[in-house]
Amino acid sequence: MTQSSTIGLEEILNHPSVMDAIADVNLELKDRMAYRPPVCDVFEKASTHLKTDAQYQFEIDRQARQQLSHIIGNTVQRVVGNDSKNAEFGKPRKIGIVFSGGPAPGGHNVIAGLFDAAQKANPDTKIYGFLMGPDGIIEGDFIELTQDLVDRYRNIGGFTMIKTGRTKIDNQKKMSLSRETCKKLGLDALVVVGGDDSNTNAAFLAQEMANDGVQVIGVPKTIDGDIQVRDANGKVLCAMSFGFHTAARAFSQAIANLCTDASSDVKYWHICKVMGRVASHLALEVALQTHANMTLIGEDLADYVDDERLEKAEKSGVVDYTAYGMTLRHLSRVICHAITSRAAVGKNYGVLVIPEGVLEFINEIQVFIIKLNTIIAYYNKMHDKDFHTAFPTLNDKLEYLRRLVRGIRKDIAYNVWNARDDELFNDIPAFFQEGLLTERDSHGNFQFSQVKTEKVLLDLVTDYLNILKEKGHYIIGIQDAVFFKTLQKAGLDPERYGPILFDNWKQHEFLLIKPSIISKKTLKAALMDAGLLQDEDKIPAPLEKIYDQSVPKFKTQAHFYGYDGRGGDPTRFDCVYTYNLGMTVFSLIANGATGQMAAILNLEQDFRHWRPIGIPIAPLMHLEERKGKLELVLEKSIVDVNAPAFKVVQHFRDTWLAAAPGDDHYRHPGPIRFTGKSEEDRPITLLLNAMGGHLSSAEPEPDH
């Protein structure tokens, strides 16, 4: 007998295979970091210049013209390649960059593209990263970005390199501190990577620092996909913000797994809420990626018209304005119809996708939000203190609203909250009341992510399903072959019992218990009426089994997809997109631009057609209510229900619901693959819209 040798822990830890297995950087990550994305043709040239593209027109807001006078005259600029480098393009520069708002996959590649382009133009150029978002600018907290640091984060998700934050440079004090930081560093340019509010911030920074000689360039970032820029004639300048594709793919992979789980376990409805407060772009892309049984698109609900109610009102000689727009009650009925339709063919399971902000598209909820926002903003202004601090509990807030109705409070000069509002508000569940009265975000917006949207809907759905069950309209269909086999195995004649039990006997593959049979007591009564059972007899076990199988149990699992998607490693599409955005940023800076947003024209087309451009931010601004007052902001883009991508989803709704015998039509997009030929090269939304001619950006010929 031989004695086995004992390997020491130190020897295990130092073994090459073990070191590879437990290293922070795995082989896939090494491949990612080594990858160098392809670049647009113009960036292969020695230098670039900018060329005005006069085909794009904008309707300029009067307030934007007044408040952003230094940059309001900006035009769309195309980046054009030069065979030689001029002195101005190649001079050394100091450039600052900041991440603003939530992370989005690809942000590090914006830095990498900017860094590489700057180093190619002049190795003496310095890039500074402001730490923790705009606070880093205000407080002068920054680091110099080096080759080693940039290389560690190439093609990697998150904003980890310099972190991010949500502070807004939205008053004169913050603006002055920011200018001071830029002056001390001697910055030639500042790059703001963020969403609509952050690019709004970039415009005001460009305006403020125009006389200081500091250029400011914005970069469109948001996983929600709600930065999509068109000119006044509908020509597309920016088809999608970066990070959207990665987030949508990450959500889709997880939801596709739930589709597999649902069809395997056949007992759960998975309710999947995906990020998207103002727009349903992510939900739409997830529907295309997964073919989930039902996907709600908020913009579609907002356009809903109840024709039956309109017709009924017209016969009475009146106009029913409440027939325009979806109500919570009607939406719950639509969901119930989908659930009962699938149950009728034996599928008491499924996957429902809802956008985070779906309630924002429900008229009655939107009215509450607008009124409560007004009351809260007015209170804060008049009392110079925070409404939520003054009324910390739900009961405190409700009592304040009741006082408004009773006229006890005299601090609101106009009637915003009336008795009808109070009555309707008291009818909704306490947790939803609390959600509607929750503290607004830094922009003064209602925080839909804080409300359990799925619970609001599911409570209504569950209540109505119980009513349908009692009426015998929510039944699980029994496959006829199963019924025959079950009875024949017990020596019972299916032909004798079938007509007594089923409402659609011999009419359908899936048999439905008669609506009058809603319990075992009524089952026994039906058998006795048919003379197949005496009062003292028990129901035959096979018939009890069939009945039990027909009684549905509505079981749900709720999921929220948001932060997991925005922190993922970017798809190849987002890697290439953001790297070229970074290079576009440098071309805009090197050619003297300010107040511009870096973008890629023809993003929806094949890479060889991509064209880097600068979009003027100021002409995109319009007035919007924020914290009870009108402010200039960049407009968010919502789902266009006339676009091909939505029309395709609309066309396949019944198919993907699969409320018919046979398999479901679930699609499995698979994990985000950085290598291999099977990886898609753009979001399906963009692919469909481009094929349908909806994205009609004019493609300029490349300049050589």
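## Aromatic pairs

A search of the whole structure, which is a predicted model, finds 25 aromatic pairs. Here rings of Phe, Tyr and Trp (its six-membered ring) pair if their centres lie within 6.5 Å; planes under 30 degrees apart are stacked, over 60 edge-to-face, and the rest tilted. One of the pairs is Phe573 with Tyr577. This pair is tilted, at 5.8 Å centre to centre and 50° between the planes. The two residues are four apart in helix 26 (residues 572–590), so about one helical turn separates them. Helices (H or I, at least four residues) and strands (E, at least two) are DSSP runs, numbered from the N terminus. Phe573 is buried at 4% relative accessible area, and Tyr577 is buried at 0%. Buried means under 20%, exposed over 50%, and partly exposed in between (1.4 Å probe, protein chains only).

Phe652 and Trp656 form a stacked pair: 5.3 Å centre to centre, 10° between the planes. Phe652 is partly exposed at 32%, whereas Trp656 is buried at 7%. Elsewhere, Tyr379, Phe387, Phe391 and Tyr400 form one aromatic cluster.

## Charges over rings

The charged end of Arg342 sits over the ring of Tyr349, 4.8 Å from its centre. Arg572 does likewise with Tyr35, at 5.0 Å. The test is NZ of Lys or CZ of Arg within 6 Å of the ring centre and within 35 degrees of the ring normal.

## Salt bridges

The structure holds 30 salt bridges (a side-chain nitrogen of Lys or Arg within 4 Å of a carboxyl oxygen of Asp or Glu). Arg179 and Asp212 meet in one, at 2.8 Å, N to O. Arg179 lies in helix 8 (residues 172–185) and Asp212 in the loop between helix 9 (196–208) and strand 7 (215–220), so the pair ties together parts 33 residues apart in sequence.

In another, Arg93 joins Glu88, with the closest N and O atoms 3.8 Å apart. Arg93 is buried at 3%, but Glu88 is partly exposed at 45%. Arg36, Asp116, Asp151 and Arg154 are linked in a network of salt bridges.

## One face of helix 24

Helix 24 (residues 541–550) has these buried residues: Pro542, Leu543, Ile546, Tyr547 and Ser550. Seen down the helix axis, they fall within an arc of 140°, so they line one face. The arc is that of the directions from the axis to the C-beta atoms. They pack against strand 13, helix 21, helix 22 and helix 23, where contact means heavy atoms within 4.5 Å.

## Reading the values

Residues are numbered from 1 along each chain as its sequence is written, and side-chain values use heavy atoms, without hydrogens and water. In this predicted model, local features need pLDDT of at least 70 and side-chain atom pairs count only at pLDDT 80 or more, while totals for chains, interfaces and linings use all residues.
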